[in-house]
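The stops below go from one selection to the next.

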Amino acid sequence: MATEADANQPEPASTNCPDCAVSPGKLHDDRCDVARCAITGYQRLGCTHYGTACNTRWTGEWPGSAECIEYGFLIDLGPGDESMPDLNRLYIECDWDVDRQRMVRRSS
Ligand SMILES: [Zn+2]
Ligand SMILES: [Zn+2]
């Protein structure tokens, strides 16, 4: 695997993309299951755009989970368990903001 010449610090394997295994800050592999389309915000594997123009970077967390935490869209898994980002609700109540590359709440 290629390593960045300018990044000397070791990157923890646990934060790499669970599908294509890129490290945080790098573009997903072209056929990555996790990557979102930069234009629609939906899964990139299902989008119809040609080429790599709509590829997005792996941030170190599942796409949308930061927005879920920010908006309070969380599924309570009960005592002792951490709550889980409610990604379904995110896609129901929010729209993809192309400029900001994140999901934003609909201003009804
Ligand atoms: Zn990936
Ligand atoms: Zn696309």
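Two residues are in contact if their C-beta atoms, placed from the backbone, lie within 7 Å. By that rule, and leaving aside neighbours within four places in sequence, Asp 19 is in contact with Cys 32, Asp 33 and Val 34. Note before going on that this is a predicted model.

**The whole chain**

Show the protein as a cartoon. There are two helices and four strands, and along the sequence they follow the pattern α-β-β-α-β-β. Of the 108 residues, 14% are buried. Of the contacts between residues at least 6 apart in sequence, 26% join residues at least 24 apart.

**Stop 1**

Select Asp 19, in the segment before helix 1. Asp 19 is partly exposed because 15 other C-beta atoms lie within 10 Å.

Now select Ala 21, which is also found in the segment before helix 1. Ala 21 is not a glycine, yet its phi is positive, at about 70 degrees. Most residues other than glycine have a negative phi. With 14 other C-beta atoms within 10 Å, Ala 21 is partly exposed.

**Stop 2: Arg 44**

Stay in the segment before helix 1, a helix that spans 65-71, and select Arg 44. Is Arg 44 buried or exposed? Arg 44 has 24 C-beta neighbours inside 10 Å, so the residue counts as buried; the cut-off for that label is 20 or more.

Next, display the residues around Arg 44. Neighbours within four places in sequence aside, Arg 44 is in contact with Ala 35, Arg 36 and Cys 37, and also with Cys 54, Asn 55 and Thr 56. For a distance to draw, take Asp 30: this residue and Arg 44 are 14 residues apart along the chain, with 8.7 Å between their C-alpha atoms.

**Stop 3: Asp 76**

Move along to strand 1 (74-75) and strand 2 (84-85), and select Asp 76 in the loop between them. Asp 76 counts as exposed because it has 10 C-beta neighbours inside 10 Å, and the cut-off for that label is 12 or fewer. Asp 76 and Asp 86 are ten residues apart in sequence, and the distance from C-alpha to C-alpha is 9.4 Å.

**Stop 4: strands 3 and 4**

Select residues 94-97, which are strand 3, together with residues 102-105, which are strand 4. The two strands run antiparallel and are joined by four bridges. Which residue in strand 4 is the bridge partner of Asp 97? The partner is Arg 102.

Strand 3 and strand 4 form a hairpin, with four residues between them. To finish, select Gln 101, in the loop between strand 3 and strand 4. Gln 101 has a positive phi of about 55 degrees and is not a glycine. Gln 101 counts as partly exposed, with 14 C-beta neighbours inside 10 Å.

Notes. Residues numbered from 1 in each chain as written. Chains lettered and ligands numbered in written order. Predicted model: local features only at pLDDT ≥ 70, side-chain atom pairs only at ≥ 80, totals over all residues. Pairing = 2+ DSSP bridges.
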